[in-house]
Amino acid sequence: MLFNRLFTAGGVVMWPLLGFSILAIALIIERVIFWVRINKRQRRVIREVLNLYRLENVVTAIERLKQNADLPMARIFLAALELERPTPEEFRLALESEAQAEIPVLKRFNTIFETIISIAPLLGLLGTVLGLITSFASLNIANVGASQTAGVTGGISEALVSTASGLVVAIFTLLFANTFRGLYVRQMASIQEYGGQLELLYRRLYERGETYASAR
């Protein structure tokens, strides 16, 4: 009952705020599942692949990557390891190109989160302004009494519900958006770290004349 009363008090802007909150929750759940899956498996898989490649077991390393092709870093490694007789420069470019291609996947929904964070407080403010307009419009200046003043005061307090609701939606979304942004930065750092290790291993094989093709 309290929620219904507050929702009604917030006015018409509570409907788009409700839509934004439902959308934010749905996208947050998707991103949480995405990052949990990556953090749970990826580091272990990539370290195993690097160890296999260090032992010059290229075929097994590629098979292991294909088994985990749902991981961003596995797709990045496959893009380079599946090249036929690449030079070290071509190998590095393949890693960098695929890493760039993975950025939209890692930053998915960031624009939507930023939009919700920006618009939700403005919608709340709009609801308050509309509520104040309604409250003062009902006030008869020629006959200002205690009952009318109390009504306006109550209308103002109710109008502020929309501002509070907009801030709650924005703050809630901002907390998760910043968390996902931090995970993205860490992921890019890991891509650079492990990609550099793979590139170094390939250069050593290449200098010894043991390219991917000959290793097979």
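A: Start with Ser190. Leaving out residues up to four places away in sequence, Ser190 touches Arg43, Met73 and Gly195. Here a contact means heavy atoms within 4.5 Å. The model is a predicted one: local features need pLDDT of at least 70, side-chain atom pairs count only at pLDDT 80 or more, and totals for chains, interfaces and linings use all residues. Residues are numbered from 1 along each chain as its sequence is written, and side-chain values use heavy atoms, with hydrogens and water left out.

Where does Ser190 sit? It is in helix H7. Helices are DSSP runs (H or I, at least four residues), as are strands (E, at least two), and they are numbered from the N terminus. Ser190 counts as buried because its relative accessibility is 13%. Buried means under 20% relative accessible area, exposed over 50%, and partly exposed in between (1.4 Å probe, protein chains only).

Ser190 and Met73 are 117 residues apart in sequence, yet their C-alpha atoms are 8.8 Å apart in space. Met73 is one of the buried residues of H4, including also Pro72, Ile76 and Leu81.

Go back to H7. This helix spans residues 146–207, and Thr173 lies in it too. Thr173 is buried, since its relative accessible area is 0%. A polar atom of its side chain lies 2.8 Å from the backbone oxygen of Val169. Setting aside neighbours within four places in sequence, Thr173 is in contact with Ala24, Phe113, Ile116 and Ile117.

Now step back to the whole chain. It has 8 helices and 0 strands. Of its 216 residues, 40% count as buried. Among contacts with a separation of 6 or more, 77% join residues 24 or more positions apart. The chain exposes about 12100 Å², and carbon and sulfur atoms supply 64% of that. Such areas come from the Shrake-Rupley method with a 1.4 Å probe; for residues, only the protein chains shown count as cover.

Finally, check the confidence. pLDDT is the predictor's confidence in each residue, from 0 to 100. The chain has a mean pLDDT of 86, and 85% of its residues reach 70 or more. Over residues 211–216 the pLDDT is below 50, and this stretch has 15 contacts in the model beyond near neighbours in sequence. Where pLDDT is low, the predicted coordinates should not be read in detail.

Methods:
Polar contact = N/O pair within 3.5 Å; in protein donor to acceptor, adjacent residues only side chain to side chain.
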